Amino acid sequence: MQPRNMSMSGVVDLAAVKAAGEAKAKAEQARAQAARTGGAGAVAPAALVIDVDEAGFERDVLQRSAEVPVVIDFWAEWCEPCKQLGPLLERLAVEYNGRFLLAKVDVDANQMLMQQFGIQGIPAVFAVVAGQALPLFQGAAPEAQIRETLDQLIQVGEERFGLTGIAVDPDASPDAAPAEVPAGPYDHLLEAAASALDANDFGGAVQAYKNVLADDPANPEAKLGLAQAELLARVQTMDPNAVRKDAADNPGDVTAQLAAADLDLVGGHVEDAFGRLVEAVRRNAGDDRNTARLRLLELFEVIGPDDPRVTAARTALARVLF
């Protein structure tokens, strides 16, 4: 189950990579801020089901998806299947105890959201994970199928973005407002870097992230953002066909393999990118070997250390190194 805006086609898609990286960066920032304040605070079970409209969509869905997968139930009062599915999803939201948040959208009152998600009929169920939207199912699906889909969604959130859900306190007041998290010491620099990325000013973004890392070398958002910005800067002027031909014609040329690996990653072919660089490490020695190794470590940062593909590639790299 792949997030909708992650490219799996092999085509260079800078927007997809940037969107995915920004979503992961926001998730990292939310976790870091929660850690600084001792956690985001527990919510009442009733707070696991919320009504969402167009005005609050960014706050209630996109921003919350940086800490927990958000399942969106598009429904209407006149829709009979919705009356069966809605209560089931609400019950499962409470049963899953904070592993996902259920957002209910009345399509009659929120036509723009319905159009933006390309919904042709209701009930329709989508999810947003770390800012990335993906379709789940349409219609009143059986409970067993819904549970299986939710389990897959939660697994994606955990493995790709480290989303472990929100804490639930059965005794908490349903009306208790979550505590506001104070701005972190580098938030203005990180916002400047994100703005530079939005403007395709990759050089400016690189420098902004480096400014953060100069004071805080372990900052997770800056590390991810720097790796992402450097990748985008490298591939923005590449001719994909020429790069891939060069790599195929010169399997021992480290520079050619580095460029092709960048394109592999941007195109969504993560395992191909990692495998190409592991092979480059195996084939070469000295400076070329170290160059390939360092680029592989940089691409690990783009995907994230908890991703199982990174774990597998680290094991493969260890085998060829030692």
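A residue counts as buried when its relative accessible area is under 20%, as exposed when over 50%, and as partly exposed in between, with a 1.4 Å probe and protein chains only. The model is predicted, so local features need a pLDDT of at least 70 and side-chain atom pairs count only at pLDDT 80 or more, while totals for chains, interfaces and linings use all residues. Residues are numbered from 1 along each chain as its sequence is written, and side-chain values use heavy atoms, leaving out hydrogens and water.

The pLDDT is the predictor's confidence in each residue, from 0 to 100. The protein averages 82, and 83% of the residues score at least 70. Over residues 1–12 the pLDDT is below 50, and this stretch has 42 contacts in the model beyond near neighbours in sequence; a contact means heavy atoms within 4.5 Å.

Now turn to the rings. Rings of Phe, Tyr and Trp (its six-membered ring) pair if their centres lie within 6.5 Å; planes under 30 degrees apart count as stacked, over 60 as edge-to-face and the rest as tilted. Phe 74 lies in strand β2 (residues 70–75) and Phe 117 in the loop between α4 (111–116) and β4 (124–129), so 43 residues separate them. Helices (H or I, at least four residues) and strands (E, at least two) are DSSP runs, numbered from the N terminus.

Phe 74 has 0% relative accessibility and therefore counts as buried; Phe 117, at 9%, is buried as well. Phe 74 also pairs with Phe 126, edge-to-face, at 6.0 Å between centres and 85 degrees between planes. Phe 126 belongs to strand β4, 52 residues from Phe 74, and is buried at 7% relative accessibility. Ring pairs join Phe 57, Phe 74, Phe 117 and Phe 126 into a cluster.

The other place is a helix pair. Helix α10 (residues 254–266) and helix α12 (residues 286–303) pack with axes 10 Å apart, at an angle of about 10 degrees. Axes are lines fitted to C-alpha atoms, for helices over the stretch in contact, and angles run from 0 to 180 degrees between N-to-C directions. Angles under 35 degrees count as roughly parallel, over 145 as roughly antiparallel, 65 to 115 as roughly perpendicular and the rest as oblique. Helices α10 and α12 are therefore roughly parallel.
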